[in-house]
Every structure is written in C-alpha cells, then in structure tokens.
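Try each task before you read its solution.

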Amino acid sequence: MNKTIRRAAVFTLLLVIALLVRATWVQFYDGKALADDKYNRRNAIQTYADPLGNIIVGGNAITGSAVTKNSDLKYKRTYKNGKLYAAVTGYASQAYAPTQLEGIYQDLLDGTDNRLKTVMDTITGKRADPGNVVTTIDPDVQKAAYDALGDKKGGAVAIDPKTGRILAVVSTPSFDPSTLTDANTAGTAWKKLNDDPDKPLTNRALRQPLPPGSTFKLVVAAAALEDGLYSSVDEKTKSPDPYTLPGTTRDLSNENPNAPCENATIRTALQYSCNNVFAKMAVDLGQDKVRAMAEKFGFNDTQQDVPVRAYTSVYPSNMDRSSTALTGIGQYDVTATPLQMAMVSAAIANGGKLVSPHMVSQITDSGGDVLKNYDDSASSKEIVSSSTAGQLQSAMQTVVEQGTGTNAQISGATVGGKTGTAQHGENNSKTPYAWFTSYGKEGGKEVAVAVMVEQSDAARSEVSGNGLAAPVAKAVMEAALKN
C-alpha cells in the first residue's frame with residue numbers, strides 16, 4: 001500500500017471513530033438532556049398518557065384525572081374543592097410547571113419515581129402505576145379556616161404541637177387550580193390570575209412573610225426568661241413609660257395610653273401589649289440574643305420545608321439600638337409567615353419543644369404500601385425550657401382571658417394567645433396587618449394556630465389582631481378541639 005492510500009485510510013478511520021463517538025455522545029448524553037427538556041412535547045404526552053396519582057385529605061382523594069378533549073394529552077388533572085385546598089395542592093398543569101405538593105411529588109404522582117417500579121416494569125420499560133400523597137390536613141380544620149377568613153385577604157396555619165402535623169394551610173383569596181390544568185384554556189386563566197391585584201396565586205400562609213407586630217413579643221419574652229434577664233413573667237421589669245428610643249428623641253407610644261405599662265411584668269406587658277416593655281427588653285438583651293432565640297424558633301431558616309419550601313422569616317442583623325428596640329415589637333425589618341408564628345405557639349404549647357412541622361404524612365404506591373412515613377421521621381428540638389414554656393403559656397392565657405385576645409375564648413378549652421397589629425407603609429400610612437398566634441387544649445387534644453389578615457373591609461380604626469384575626473383562630477381551634 002502506498003503512502004497516500006495509507007494516509008487516506010487512516011484519516012477515514014479517524015472520521016468513522018469520531019462519528020461513532022459523536023453518535024454515542026448524542027444518544028447517551030445529549031439524548032437524555034433533550035428527553036428531559038421542558039419544551040419536549042413527548043414528556044407532556046407521556047405524563048398525561050394515563051391518570052395521575054392522587055393527593056389524599058382525611059382518607060379521601062381531593063384530586064383526580066379526566067379525559068382531555070381534542071388534544072394529544074389524553075388526561076388532565078382535576079380537583080375537588082379546588083379553592084379550599086389550593087394552598088396545599090398547588091396545581092398540575094398541561095401548560096405550566098407544577099407547584100406545591102403537585103410539584104414536589106411530581107415523579108411519584110406520574111409514575112416515574114423509581115421506588116414505584118416493579119421488576120417487570122424495569123425489564124419492559126413500562127411506566128409504573130402512580131403513587132399517592134397522604135397529607136396531614138384535617139378537612140374540618142381546613143374548612144373552618146377557609147370559611148372564617150372568608151373575603152379577607154390573609155393566611156392561616158394550624159399545627160398539632162405534639163406531632164408537628166399541619167392540620168390546615170389556607171390562603172385567601174384563593175383560586176381554582178382546575179382552571180390551569182387544560183393546555184387549551186390555561187393561558188387565559190393564567191393571565192387573569194396574574195393580573196388580579198389581590199394576587200390569588202400567592203400562598204400567604206407559607207410564602208409571604210410580613211411584619212408580625214406584637215406577636216413577636218413572645219420571642220423577646222422567651223429570650224429574656226431564658227437569658228435570666230427576668231426570672232419570671234410576674235417579676236417587675238425596668239421599663240419607663242414613655243420609652244425613648246435610644247439615640248433619638250422619639251418616644252415609643254403604647255396602643256392603650258392608659259394601660260399599666262410602666263415597669264410592667266411580662267404577663268401584664270403581654271396582656272396589654274406594652275410596646276415600651278418589649279422595645280427596652282430587646283435593647284437590654286441586645287440584638288444577638290434576640291436573634292439567637294428567633295433562630296431557634298425558625299427565623300432566618302432558608303430551608304424551611306414542610307415539604308413545600310416556606311419563604312424565610314427574618315430577624316435582621318447589623319442594627320443600631322433604636323432599630324433593635326423596634327424589632328422587639330415585631331417592626332423594623334422583622335418579617336414572619338403564619339407558618340412561622342404558628343411554630344412559635346406550637347413550641348410554647350408543647351413544653352418548649354418544637355416538632356418539625358409537616359403536611360405530608362405518607363407517600364404510598366398505587367396499592368397503598370408506604371414508601372416513606374414522615375410522621376415517624378419528624379424530629380424534635382428544645383427551643384426553651386419547660387419552665388419558660390409553662391410561664392409563657394400562663395401569660396398567653398391571661399391575654400385571652402383578660403387582655404387583648406378575648407375574642408379567642410372557647411368554652412371548656414384552655415386557650416392562650418397573642419395579638420399583633422403591624423404597621424406598614426411610609427409613616428404607617430397603609431392599613432395595618434392584623435395577627436393572632438395561639439394555642440388551644442381540651443380533652444387531650446392540642447392545636448397551635450396563627451392567623452394573618454393582610455386586608456379586609458374593616459375601617460382602619462377597627463383593624464386589630466383581636467378584632468380580625470382572633471375570631472378566625474377561634475374557629476380553627478374549635479374545629480380542631482371539638483371534632
């Protein structure tokens with residue numbers, strides 16, 4: 001073979017090898033990327049070729065599947081009482097990425113989760129029968145929260161303090177996820193929901209942190225008791241009234257100018273929601289100690305999964321003393337979700353221990369066999385001592401029995417709570433947020449509830465935690481304790 005032919009043969013061989021390498025690369029690497037691409041229509045066709053698995057509440061499916069008309073996507077998701085459970089389920093759409101539990105457990109619900117595959121499924125490549133998501137949501141508690149919020153803009157969360165099971169997650173105004181499931185009509189519904197100034201797609205219970213106002217005083221009180229700044233909720237504090245914010249000439253006023261707030265005990269200060277007491281307490285403790293206690297309760301946790309990722313509730317850093325004082329009353333840059341404030345009450349109600357909150361009890365295969373039990377894996381950590389928790393429980397009971405939270409009283413039940421009215425807007429020009437965080441106990445049952453009312457039809461002068469949020473919390477606690 002002459003030199004020219006030999007070189008041509010080698011070159012041709014190299015081209016063949018390069019072609020084989022490229023073909024292998026496309027088949028096994030690029031091929032997977034193309035298959036997983038969100039714009040690949042075949043993925044949607046495969047996902048909706050069969051009915052999806054279901055999300056279960058109280059032993060009953062609140063989701064389903066129906067045949068789609070005039071589409072290559074054979075099935076679409078359906079919802080029962082969609083508005084009631086939208087903050088729990090989210091949506092599974094032929095046109096948009098799934099959200100909430102639908103998104104987190106997408107693989108389980110469409111049958112592509114490897115844990116669902118049988119040996120035969122692996123051999124044949126057949127998609128497994130889809131699994132189901134069993135929630136911790138109590139349908140009676142969920143409905144009570146939804147009905148009580150009514151046409152108010154707000155959110156509510158209820159937790160069983162002993163187990164961490166989330167009994168209700170409600171956000172209003174809500175939306176019907178069924179309007180987003182069909183690719184033929186989803187676009188119009190999507191635009192309408194996003195153009196709505198009330199933002200119904202926002203999950204106010206889990207994903208909209210706002211200033212918690214005076215409900216945050218529970219965290220400051222916990223820090224003061226744990227640190228030893230005060231030995232008991234009935235010890236007199238050193239709290240002048242009025243209290244001048246450090247480094248300023250501004251006096252911090254109390255909502256009730258006639259309340260006995262000067263040098264008030266923690267019990268009295270919670271009962272009358274004395275701003276001067278907790279602002280000075282935060283300064284006396286220092287921002288680092290207040291932040292440390294807040295973080296024990298769950299503030300500044302960027303990975304708070306229940307299993308839906310909740311937005312971070314924030315206690316700020318690098319403040320001057322006057323700003324630290326304002327954080328003592330849940331203002332300045334302090335923010336919290338209803339989930340976070342329900343966690344505060346849950347830990348106090350449970351003797352100082354916080355059981356990790358979760359709204360999924362189990363995930364199962366199509367036959368009901370449990371793939372994972374989240375109730376069994378719930379963790380517990382001590383936030384405050386049992387002594388501190390007991391004192392705060394007692395003080396919160398005083399708030400409901402004789403203080404600013406009387407609208408939460410329930411006959412036959414032990415109820416403790418804390419109201420909050422959080423100012424916002426430039427120079428507090430906008431309608432305040434109304435808050436109430438609480439716990440209730442009766443006959444061996446317990447529940448912790450937090451309610452936030454962002455906006456209602458009430459006049460500005462009538463906006464208060466006791467007036468707007470406490471009645472909602474009462475209805476939720478009654479549903480949890482009386483059923």
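**Exercise 1. Decide whether Phe 216 is buried or exposed in this predicted model.**

Step 1: look up the relative accessibility of Phe 216, which is 0%.
Step 2: hold that against the cut-off, since buried means under 20% relative accessible area.
Step 3: Phe 216 therefore counts as buried.

**Exercise 2. Work out how the rings of Phe 216 and Phe 299 are arranged, and what the pair ties together.**

Step 1: take the distance and the angle. The ring centres of Phe 216 and Phe 299 are 5.4 Å apart, and the planes sit at 80 degrees.
Step 2: planes over 60 degrees apart count as edge-to-face, so that is what this pair is.
Step 3: find the two residues along the chain. Phe 216 is in the loop between α8 (186–195) and α9 (217–227), while Phe 299 is in the loop between α12 (287–297) and α13 (321–327). The pair therefore ties together parts that are 83 residues apart in sequence.

**Exercise 3. How many aromatic pairs does the structure hold, and which residues do ring pairs link into a cluster?**

Step 1: the count of aromatic pairs is five.
Step 2: the cluster is made up of Tyr 91, Tyr 96, Phe 175 and Trp 190.

**Exercise 4. Trace how β5 pairs with β1 and with β11.**

Step 1: start with β1 (residues 55–57). This strand runs parallel to β5 (residues 132–135), with two bridges between them, and Ile 56 faces Val 134 in β5.
Step 2: move on to β11 (residues 360–364). β5 pairs with β11 in the antiparallel sense, over four bridges, and Val 134 stands opposite Gln 362.

**Exercise 5. Which residues make the nonpolar surface patch of about 460 Å², and how exposed is Val 10?**

Step 1: the patch consists of Val 10, Leu 13, Leu 14, Ile 17 and Val 21.
Step 2: Val 10 sits in helix α1 (residues 3–36).
Step 3: with a relative accessible area of 45%, Val 10 is partly exposed.

How values were computed:
Residues are numbered from 1 along each chain as its sequence is written. This is a predicted model: local features need pLDDT of at least 70, side-chain atom pairs count only at pLDDT 80 or more; totals for chains, interfaces and linings use all residues. Side-chain values use heavy atoms; hydrogens and water are left out. Patches are made of residues with over 30% relative accessible area and no salt bridge: like charges are joined within 9 Å, nonpolar side chains (Val, Leu, Ile, Met, Phe, Trp, Tyr) within 5 Å. Accessible areas come from the Shrake-Rupley method with a 1.4 Å probe; for residues, only the protein chains shown count as cover. A salt bridge is a side-chain nitrogen of Lys or Arg within 4 Å of a carboxyl oxygen of Asp or Glu. Buried means under 20% relative accessible area, exposed over 50%, partly exposed in between (1.4 Å probe, protein chains only). Rings of Phe, Tyr and Trp (its six-membered ring) pair if their centres lie within 6.5 Å; planes under 30 degrees apart count as stacked, over 60 as edge-to-face and the rest as tilted. Two strands pair if DSSP finds at least two bridges between them.
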